[in-house]
Amino acid sequence: MNFSTISSMFGINPNNFKPADIEPIRSDVGFVYYLEQDTEKIPCPFCNSLNNITIKGYYFKNINCSINEHKKDILRIKMVRFKCHKCNKSFNKSIQGVQKYGYISNYVKKLIINSFYTTTTFEKIASTYHVSSATIINIFDNDIADAKRLILPKILCIDEFYFSRNSDNKYCCILVDWETKQIVDIIKNRQLAYLDNYFSKIPKNELQNVKYFVSDMYDGYATIKNKYFPKADHVIDLFHIVIQLNRATNSIRCSVMKSLPENSIERKFMSSHWKLFLCKSSLIPSSKVFTSHKLKLSCPIYDLLFDCIKLNSSLNYAYSNLQEVYNLPKNQYFKSAMNSIQFIINNLRLSNNTLLLQVADTYQKWQIGIAHTLSMHKGYTNISNGPAEDANNLISNILQSFLLVIICATLEKELYFFWEMINSMLKGYVFTYPFCLSLTP
């Protein structure tokens, strides 16, 4: 095979080698091509001397040039090692088209980088180019470090997920398009300084494209919304509205339960059926009976629940207002939504319970955002932070799975099962560059 054909095929500079016709040798998995590096002397890179250079010896270097998963091509190069007698140091000539300490040609590396822009996985790319998955990940980390984000969408969901114990990167921040369910970008930290630095670099006309800013009740998100999206509606995810009163109700239930006699049926019921105190009243089974074999007592669950609630005025206030929150009407006018929230706030303030007063203060602080959640939006219904939460769960599962892989590798066990687990977990999800995970099967 002609030498120029070999050099162009593998993306290397022919001037680095002795010209010769190459006959590839077939191996079990592909072909091996032998080349000899040019022995022309070069100045010493340490002292710049040229007259004191001699050839110290030779060694072989294998360069992976595979571009097909069905055939593994190896470029085996006879390298020259020089010695400078002036400074007594050894060195070798570099090969244009291959990094100094690399074992993959730059041409193959470019093909690998191009593969990151397609719908594929690290494992598949590694299989195609006959390298390890770790090598592919290293190339991605080093050459695709600053991945481009997507354009900010009309409905922007923002949320955080736990990433590491490191205080500087404990919680990463994720941006998701509510309509397409794609990840717009991932910010390394949810702290206000990082968020402010990130959004300050986005053009103003793109920021104005966001009409709805969806988040939880984190003060940092509110600050970012008011500074960079002043005209957008701030929608507070309904889950975080409910969970405020849900947790307060549960804390009050625990206090009331602990104040009851240990052998009372009410205490046993409040301990074993605590979920009923936190769910919608319409979901409570009216026909089922609670039986305590130890006390030899039975009572209808529905009746026993409300008997327990009436034992304490704060618990009664908490439960009744929790039901009001559950039954808040959606898609109402903004003014009506404000009135609905104010009604619940006023009811909570009547309780004089510290926990409920704190919830009332929280609802008052975020009243406008909660009202936007309950209001009608032109062309959209039930806007929530669900897409961001789904992305967080998926990322969390992936991170946990990779942790299992690392543990398994440490124990020198078979990794195939874990890779299959990850692949099955991601079944139905589409990867697009850079971080874009389409959450629509």
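Tyr34 is partly exposed, because its relative accessibility is 39% (buried is under 20%, exposed over 50%, partly exposed in between, with a 1.4 Å probe and protein chains only). Tyr34 sits in strand β2, residues 30-36. Strands are DSSP runs of E, at least two residues; helices are H or I, at least four; both are numbered from the N terminus.

A word on the source. This is a predicted model: local features need pLDDT of at least 70, side-chain atom pairs 80 or more, and totals for chains, interfaces and linings use all residues. Numbering runs from 1 along each chain as its sequence is written, and side-chain values use heavy atoms, without hydrogens or water.

Back to Tyr34. With Ile25 and Phe60, Tyr34 forms a nonpolar surface patch of about 300 Å² accessible area together. Patch residues have over 30% relative accessible area and no salt bridge, and nonpolar side chains (Val, Leu, Ile, Met, Phe, Trp, Tyr) are joined within 5 Å. A salt bridge puts a Lys or Arg side-chain nitrogen within 4 Å of an Asp or Glu carboxyl oxygen. Areas are Shrake-Rupley, 1.4 Å probe, with only the protein chains shown as cover for residues.

Now the whole protein. It has 16 helices and 14 strands. Of its 441 residues, 44% are buried. It exposes about 24,300 Å², with 52% from carbon and sulfur atoms. Contacts are heavy atoms within 4.5 Å. Among contacts with a separation of 6 or more, 59% join residues 24 or more positions apart.

Terms used:
Patches are made of residues with over 30% relative accessible area and no salt bridge: like charges are joined within 9 Å, nonpolar side chains (Val, Leu, Ile, Met, Phe, Trp, Tyr) within 5 Å.
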